[in-house]
Amino acid sequence: MGLTDVLRLDFVGTNVITATLTFLVIMLVLLAWHTTSSFSRLDKVGVRHPPPLPFIGNLLYFHEGFWESHNKLISNYGPSCGYYIGRRMYIVISEPDMIKCILEDDFRNFRNRMSPDLVFKPFADSIVMLRDEKWEKVRSILTPAFSIAKIKKMTPLIDEACNILLNNLKVFADSGSAFDIQRNYGCFMLDIVASVAFGTRVNSQKTPNDIFVKYTRRFFEPFIFKPLLILAVAFPFIMIPLLRILPNKKRDEVNGFFINLIKNISTLRDQQDPNERRTDFLQLMLDARIPTTDIVMEQSDRVSQDDFPEALPKKQQKWLSDDEIAGQATLFLIAGYETSNSTLSFGTYLLATNPQCQEKLLQEVDDFFSKHDIPDYENIQELPYLDMVIAETLRMYPPAFRFTREAAKDCSVLQQQIPAGAIIEIAVGHLHYKPKFWPEPEKFIPERYMGLLFKSQC
């Protein structure tokens with residue numbers, strides 16, 4: 001090999017290295033441009049926000065959690081501010097007038113919740129995940145299930161779970177020993193959810209209660225490692241499709257358990273005589289599987305067609321699929337178990353640390369049981385102070401201290417421009433502790449609802 005050949009090889013090798021480096025630089029520039037090109041959208045509509053970082057946006061701003069970070073964000077950038085998670089834009093709203101416009105006046109434009117990237121069956125078919133026409137259809141079918149008449153029929157199922165809870169608490173009360181009240185409330189709520197939504201009983205010897213509890217606990221465990229979630233935020237166009245197709249044995253096992261449970265109970269109910277079937281939420285959904293040309297509602301089941309003009313036609317075939325039934329039952333597990341458990345636990349804590357409120361509530365309950373043997377849907381209205389205690393507990397410890405809506409089209413809310421596709425985040429937690437609306441917000445004062453309760457009764 002001569003000198004010319006050696007120089008030619010060196011030249012070719014140098015060109016390959018240069019081309020490779022050039023390609024990598026171009027790819028990095030394009031990637032950086034792709035992740036930062038959306039960071040001007042908030043500025044265009046006049047929404048203040050912290051400076052975002054390439055790829056992750058303002059993800060690090062919330063490293064301490066959303067509760068404290070929300071307060072800091074609103075304090076620094078105003079009641080209408082924003083941030084970015086990856087390329088996704090969020091507009092934070094904490095003013096009651098704007099919240100009313102979004103959730104009530106212009107509801108049709110904000111009826112969809114934020115569409116998450118990684119949601120799988122059965123929860124993907126729940127009403128909080130469905131969008132547009134699918135949401136309207138399921139919403140119109142489920143509305144009668146939450147009527148006064150239907151809830152009254154489910155009261156015995158809740159009473160049975162309450163009796164089990166009281167018997168368990170009496171054992172601790174008689175012994176005088178310390179115990180974990182949250183664990184007892186957790187079993188109580190799991191029993192109610194299992195009974196009403198899944199048609200089974202956790203405390204029944206005829207059901208695999210240990211299996212149901214095991215998969216329920218797994219359901220609330222994260223299916224994806226945190227580093228993978230961060231990568232999904234930074235590179236959604238690569239990681240989201242990859243995470244969807246990658247096998248996840250734990251996730252598939254848990255979701256498959258609840259889907260099969262609903263299908264098995266549905267088959268069992270179909271084989272039963274209609275008069276022998278349990279009156280629960282699951283049965284109401286199973287009844288909606290059969291197409292009908294005329295949806296007949298009881299007078300107490302009717303809802304306003306002004307609110308849902310397209311959702312409640314007088315004559316239209318509407319029914320739920322098996323996947324939608326499983327999705328709503330799973331939603332009951334997510335929305336009803338942990339939220340009610342935490343509310344009962346925090347309420348007990350607040351009463352224990354405010355003995356004067358505890359004594360007032362105890363007196364009201366004693367007076368109630370001097371007139372009634374058991375509580376029901378009607379006579380429970382005679383416990384106004386209990387209602388105020390629950391309301392104050394939810395104010396101080398809201399189970400959902402932030403929730404979102406997505407703008408379907410460009411609009412203006414009280415002169416604030418909101419582009420289509422923007423995620424509107426309602427800062428509930430911040431609003432609950434605003435002294436302007438709640439004097440001495442750090443204090444547990446159930447009596448603050450006295451005026452509101454009087455107005456609602458009028």
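Is Thr 404 buried or exposed? With a relative accessible area of 13%, Thr 404 is buried, where buried means under 20% relative accessible area, exposed means over 50%, and partly exposed covers what is in between (1.4 Å probe, protein chains only). The residue is found in strand β3; helices (H or I, at least four residues) and strands (E, at least two) are DSSP runs, numbered from the N terminus. Leaving aside neighbours within four places in sequence, Thr 404 is in contact with Arg 113, Met 114, Ile 423, Ile 424 and Glu 425, contact being heavy atoms within 4.5 Å.

A word on the ground rules. This is a predicted model, in which local features need pLDDT of at least 70 and side-chain atom pairs count only at pLDDT 80 or more, while totals for chains, interfaces and linings use all residues. Residues are numbered from 1 along each chain as its sequence is written, and side-chain values use heavy atoms, with hydrogens and water left out.

Zooming out, the protein has 17 helices and six strands. Of its 458 residues, 40% count as buried. The accessible surface comes to about 26000 Å², and 60% of that belongs to carbon and sulfur atoms; these areas come from the Shrake-Rupley method with a 1.4 Å probe, and for residues only the protein chains shown count as cover. Among contacts in the protein with a separation of 6 or more, 68% are between residues 24 or more positions apart.

Now for the rings. A pair of aromatic rings is described by the distance of the centres and the angle of the planes. Here, rings of Phe, Tyr and Trp (its six-membered ring) pair if their centres lie within 6.5 Å, with planes under 30 degrees apart counted as stacked, over 60 as edge-to-face and the rest as tilted. By this rule the count comes to 14 aromatic pairs. One of them joins Phe 62 and Phe 66, which are stacked at 4.6 Å centre to centre with 25° between the planes. Phe 62 is buried, at 8% relative accessible area, whereas Phe 66 counts as partly exposed, at 24% relative accessibility. Trp 67 and Phe 401 make an edge-to-face pair, because their ring centres are 5.3 Å apart and their planes stand at 70°. That pair links distant parts of the chain: Trp 67 belongs to helix α3 (residues 66–77), Phe 401 to the loop between α15 (384–396) and β3 (403–406), and the two are 334 residues apart. Trp 67 is partly exposed, with 26% relative accessibility, and Phe 401 is partly exposed too, with a relative accessible area of 24%.

Ring pairs also tie Tyr 61, Phe 62, Phe 66, Tyr 83 and Tyr 90 into a cluster. A charge sits over a ring if NZ of Lys or CZ of Arg is within 6 Å of the ring centre and within 35 degrees of the ring normal. The charged end of Lys 72 sits over the ring of Tyr 61, 4.5 Å from its centre, and that of Arg 402 sits over the ring of Phe 66, 3.7 Å from its centre. Arg 402 turns up again in the surroundings of His 70, which is in contact with Phe 62, Val 92, Arg 402, Glu 425 and Ala 427 when neighbours within four places in sequence are set aside. Two packed helices are described by the angle between their axes and the distance between the axes. The axes of helix α13 (residues 322–353) and α15 come within 9 Å and cross at roughly 105°; axes are lines fitted to C-alpha atoms, for helices over the stretch in contact, and angles run from 0 to 180 degrees between N-to-C directions. That makes α13 roughly perpendicular to α15, given that angles under 35 degrees count as roughly parallel, over 145 as roughly antiparallel, 65 to 115 as roughly perpendicular and the rest as oblique. Residues making the contact include Phe 346 and Leu 350 of α13 and Val 389 and Met 396 of α15.

Finally, the backbone. Most residues other than glycine have a negative phi. Leu 414 has a positive phi of about 50°, and phi of Gln 415 is near 70°. Gln 415, in the loop between β4 and β5, is exposed, with a relative accessible area of 78%.
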